[in-house]
Amino acid sequence: MTTEGELASRADSAAEDVVLRAEGLVKRYGSVTAIDGADFDLRKGEVLAVIGDNGAGKTSMIKALCGALIPDEGTIWLDGRQVRFHSPLDARHAGIETVYQTLAVAPAMDIAGNLFLGRELRKKGLLGAVFRTLDHRGMRAEAQRQLDALGVATVQNIGQLVETLSGGQRQAVAVARAAMFAQRLVIMDEPTAALGVRESAMVLDLIRRIRDNGLPVVLISHNMPHVFEIADRIHVHRLGRRVAVVKPDDYAMNEVVALMTGALRLGEDGELTKVELNNR
Ligand SMILES: Nc1ncnc2c1ncn2[C@@H]1O[C@H](COP(=O)(O)OP(=O)(O)O)[C@@H](O)[C@H]1O
Ligand SMILES: [Mg+2]
């Protein structure tokens, strides 16, 4: 038998595990409801995949979580404290870094320059404070240390211009940059969408290492084999809201796809039931 006290403490410990949580998010664009009462939770130490059809509202929800969009309704908590982000910078200051599908790198700058873009290190003392002189040597050393820690062996030279890198290497730079500055979590919206097989594998490896180094990761992806390979839990999004959360070991890939398309529904007990076409 479980006492109420035990149940309460179990609920508490589950809450302690939650890094980022949202309830009842809504965002309307005129007659289009992009987010329709979405709930979300990300726990410590996990890669949470977010899957859903095109237009399901995945990007919109992620934007609400990282300050790129202000929801009309709903509540967001970071480490149990309610937060209200008015811009992506707010979310960054709170420790949330986001990597978008479109590569946000500056091609004409070198790797170290890209890693510190907008957050350059200044020289210590008067030179940095008054003349705002950049500490190039310090940035290179830190950039190299960061890439080594993430096991990004594919880039040889930290002074290499980003325009000479492959798509996968560029994405690795963007991901490394997020991991370097994120204090609480990293969000990635389809980071492998534009990449080939080997390059995707490299970015997936990187995601795994970020998680193992202690930062939880939200990974939006269309690629079911990738999701099943890397996710600890899968958040299934449909018609603007979360319809299920499953573990990849508990269900087959085709069952999860059916949840995504609405052909199957997940009950409280974990049972899957068929949904007739006219009820979807
Ligand atoms: N800025 C916007 N203005 C109008 N409609 C939008 C805007 N952003 C997204 N939408 C609409 O909201 C819905 C969800 O889009 P999105 O969040 O991009 O979905 P997903 O990332 O799952 O493909 C779509 O119907 C899309 O057309
Ligand atoms: Mg999207």
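1. An N or O atom in the side chain of Lys-58 is 2.8 Å from an oxygen atom of ligand 1. Ser-60 places a polar side-chain atom 2.5 Å from a ligand 1 oxygen atom, and for Ala-56 a backbone N or O atom lies 3.2 Å from an oxygen atom of ligand 1. A polar contact here is a pair of N or O atoms within 3.5 Å.

2. The model is predicted: local features need pLDDT of at least 70, side-chain atom pairs count only at pLDDT 80 or more, and totals for chains, interfaces and linings use all residues. Side-chain values use heavy atoms, with hydrogens and water left out.

3. The residues around ligand 1 include Tyr-29, Val-32, Asp-53 and Thr-59; a residue is near a molecule if one of its heavy atoms lies within 4 Å of it. By class, this shell has 4 nonpolar, 5 polar and 2 charged residues, with Gly counted as polar and Tyr as nonpolar.

4. Strand E2 (32-43) and helix H2 (58-65) are the elements that give two or more residues to the shell around ligand 1. H2 gives the most, with 3 residues. Helices (H or I, at least four residues) and strands (E, at least two) are DSSP runs, numbered from the N terminus.

5. Elsewhere, Ala-174 sits in helix H7 (residues 167-181). Ala-174 is buried, with a relative accessible area of 10%; buried means under 20% (1.4 Å probe, protein chains only). Leaving aside neighbours within four places in sequence, Ala-174 is in contact (heavy atoms within 4.5 Å) with Val-99 and Val-105. The C-alpha atoms of Ala-174 and Ala-104 are 6.8 Å apart, and the two residues are 70 apart in sequence.

How values were computed: Residues numbered from 1 in each chain as written. Chains lettered and ligands numbered in written order. Polar contact = N/O pair within 3.5 Å; in protein donor to acceptor, adjacent residues only side chain to side chain. Buried < 20%, exposed > 50% of the residue type's maximum accessible area, 1.4 Å probe, protein only.
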